[in-house]
Structures are given as C-alpha cells and as structure tokens.
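Subject: Structure handover

Hello,

Please find the structure below, with the sequence alongside. My notes on what was found follow it.

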Amino acid sequence: MIDSATTFHKIVDSRRSIRKFLPDSVPQEVLDRCLDSALKAPSSSNLQHWEFVIIRSPEVRAQAERVCLDQKVLQSAPLLIAVVTHTKTWKRNSRFILETLGTRGILRKSQTQYWGRLIPLVYLQDPFGFLGMLKHLIARVVSLFRPTPSLCSKSDLRVMANKTTALAANTFMLALRSEGYDSCPMEGFDPWRARKVLQLHRGEEVCMFLAVGKRADKAIWWDRILVPRGWVVREM
Ligand SMILES: Cc1cc2nc3c(=O)[nH]c(=O)nc-3n(C[C@H](O)[C@H](O)[C@H](O)COP(=O)(O)O)c2cc1C
C-alpha cells in the first residue's frame, strides 16, 4: 500500500467519538486548515449548502449546551461548533458559480442552463410546500416512463442539503484527527431551540453539533463495534 493510503486509513481508524476532552484549546491555524479541507467536500450541484458556526460567546455556548441536552461531553469540550444546513442559499451560490465561470472565461451554455434553469426548477419552493409536492409528483410520474431527476419537494430538499452538509462535517472531523485533534458529532439536541439560539432563519437548520478538542484518557466508551460487513456491503 502507498504511504499516503496507510496514513489516511490510520486517521480514519483513530477517529472516534470522544466524550472527554483535555482543556487545551484548538489553535486558530489548526481550525482554519480543517475548515479549508471541510469546505472542499463534495456537494450536490456544487451548491455548498453548509455553514460552520464557531461558538465563541460564553452566553451562546451556555445556551447551546442546554439545547444539546447538557450532554456530558460538553463539560470538557473546549470548542463547540454548529454545522448548519442551508436550503435557501442555492440562488446566491448558483449565481456565484456562473459568475466565477464567467470571469474565468469558460462559461458554457450548458452551465448557464444547469445553474440558471435546472437548479431553480429543482430548488424552487413556495412557503406552503405545494409547488414542491407538485414537482415531486410530476417527476415521479414521468420517471415511470423515462429516467427523471428528482424535482424536489421541501423534504427532498432538506435530505439533499443535509447529505451534503454531513459530508463536510465528516471531512472536518477527519481533518481534525489528522492534526491530532478530536471531535464528537451530536444530533441529540432540540432542533427548535437550536434555531433560536443560533439565530437561524427559514431554510436553515442545524445538521449536527460538533464538540471539538484533544482527547483525554478514557474518552472512548468502548472498542469500535462494527456490524458484519455482509449486512452493509452488497454486490449485484
Ligand atoms: C449524526 C450523528 C449524531 C450523533 N449524535 C451523538 C450524540 O448526540 N451524542 C453522542 O454522544 N454521540 C453521538 N454520535 C456519535 C455516535 O454515537 C458514534 O459515532 C457511534 O457510536 C460510533 O462510534 P465512533 O464515532 O467512536 O466510531 C453521533 C454520530 C453521528 C454520525
């Protein structure tokens, strides 16, 4: 195996959900490098639906701990980050992609059609979700006759954006591990109160919180338990 593969697999293997941290803070340069990597995660239509909210304010931190049901890990975690999913940034981000391709002088008609026409068709919603349901239904019927892209209902959109955001979160956790830092992802939180504490708007929701720091002794609950490979890998 090549050296980089060995290193990568070691990083993946040593990432565990850490429930007890040392008090050492996370240096800004480490955080920045890990964020740089996370922001390169793949995203649906390159729309980068994520936002990393680094919680610095002690007041917000205290409220966020409460929102996270006062999970014990937070008593020691030096840093708490909220990874937020956005389902309404697609317009801004599509425009940015098209402008960037334009300034690079490589904007093609197919790209203008993709981000200028198809993406709005997939993403556009009305406040009540009727348009989304109608689009979903039409796509489902057409799909009986020919392959059709999913024209999103509101819930399809949330699934899609959360998939993408979770990939960025995972890249971030692996990047932290490569720097000798650790994390614990958390979805045990109150989503309604989380939105309030983080001042989120419509179309924004917390995908997960991440407790971040350096692992302490006895910070891992048990040796890794993996279900049999045959249950989760299939060939056909
Ligand atoms: C989306 C997600 C949500 C999670 N939520 C919590 C949580 O709220 N609290 C917690 O202690 N661990 C949480 N975990 C950690 C899992 O329990 C952990 O990943 C799993 O047991 C496997 O252990 P490992 O990460 O050490 O390999 C979460 C993990 C994921 C991916």
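**Overall picture**

Among contacts in the protein chain between residues at least 6 apart in sequence, 78% join residues at least 24 apart. Please keep in mind that this is a predicted model. The protein chain has 236 residues, and buried residues make up 40% of them. Along its principal axes, the C-alpha trace spans about 55 × 50 × 40 Å.

The chain contains nine helices and four strands. Read from the N terminus, the order of elements is α-α-β-α-β-α-α-α-α-β-α-β-α.

**The sheet**

The four strands form an open sheet in the order E1-E2-E4-E3, with antiparallel pairing. E1 and E3 (182-186) are the edge strands, each pairing on one side only. From one strand to the next, the twist averages 25 degrees. As background, strands of a sheet pair through backbone hydrogen bonds, either parallel or antiparallel.

E4 (residues 204-213) pairs with E2 in the antiparallel sense over eight bridges. Met-186 has Phe-209 of E4 as its bridge partner.

How much of E4 is buried? Ten of its ten residues are, so the strand is mostly covered.

**Helices on the sheet**

Two helices that lie across strands of the sheet are H2 and H7. H2 lies across E1 and E2 and runs at about 165 degrees to E1. H7 lies across E1, E2, E3 and E4, running at about 10 degrees to E4.

In H2 (residues 28-38), the buried residues are Val-30, Leu-31, Cys-34, Leu-35 and Ala-38. These residues are on the same side of H2 because they cover an arc of only 130 degrees around the axis. Their packing partners are strand E1 (50-55), strand E2 (79-86) and helix H7 (154-178).

**Helix pairs**

H7 also has a contact with H1 (residues 3-14). The axes of H1 and H7 come within 9 Å and cross at roughly 105 degrees. The two helices are therefore roughly perpendicular to each other, since angles of 65 to 115 degrees count as such. On the H1 side, the contact involves Ile-11, Val-12 and Ser-14, which meet Leu-174, Arg-177 and Ser-178 in H7. By class, the residues of this contact divide into three nonpolar, two polar and one charged.

The other pair to look at is H4 (residues 90-103) with H5 (residues 109-123). These helices pack at an angle of about 175 degrees, with their axes 10 Å apart. That angle makes H4 roughly antiparallel to H5, the cut-off being over 145 degrees. Trp-90, Ser-94, Ile-97, Leu-98 and Leu-101 are the H4 residues in the contact. From H5, they meet Gln-111, Thr-112, Trp-115, Gly-116, Ile-119, Pro-120 and Tyr-123. The contact of H4 with H5 has eight nonpolar, four polar and no charged residues.

**Backbone points to check**

Most residues other than glycine have a negative phi. Two residues with a positive value are listed here.

- Ser-45 has a phi near 55 degrees, a positive value in a residue other than glycine. Ser-45 is in the loop between H2 and E1.
- Lys-218 has a phi near 50 degrees, again a positive value in a residue other than glycine. Lys-218 is in the loop between E4 and helix H9 (229-232).

Which of these is buried and which is exposed? Ser-45 has a relative accessible area of 17% and is therefore buried, the cut-off being under 20%. Lys-218 is at 82% relative accessibility, so Lys-218 counts as exposed, for which the cut-off is over 50%.

Regards

Technical notes. Residues are numbered from 1 along each chain as its sequence is written. This is a predicted model: local features need pLDDT of at least 70, side-chain atom pairs count only at pLDDT 80 or more; totals for chains, interfaces and linings use all residues. Side-chain values use heavy atoms; hydrogens and water are left out. Buried means under 20% relative accessible area, exposed over 50%, partly exposed in between (1.4 Å probe, protein chains only). The arc is that of the directions from the helix axis to the C-beta atoms. Contact means heavy atoms within 4.5 Å. Axes are lines fitted to C-alpha atoms, for helices over the stretch in contact, and angles run from 0 to 180 degrees between N-to-C directions. Angles under 35 degrees count as roughly parallel, over 145 as roughly antiparallel, 65 to 115 as roughly perpendicular and the rest as oblique. Ala, Val, Leu, Ile, Met, Phe, Trp, Tyr, Cys and Pro count as nonpolar, Asp, Glu, Lys and Arg as charged, and the others, Gly among them, as polar. Two strands pair if DSSP finds at least two bridges between them.
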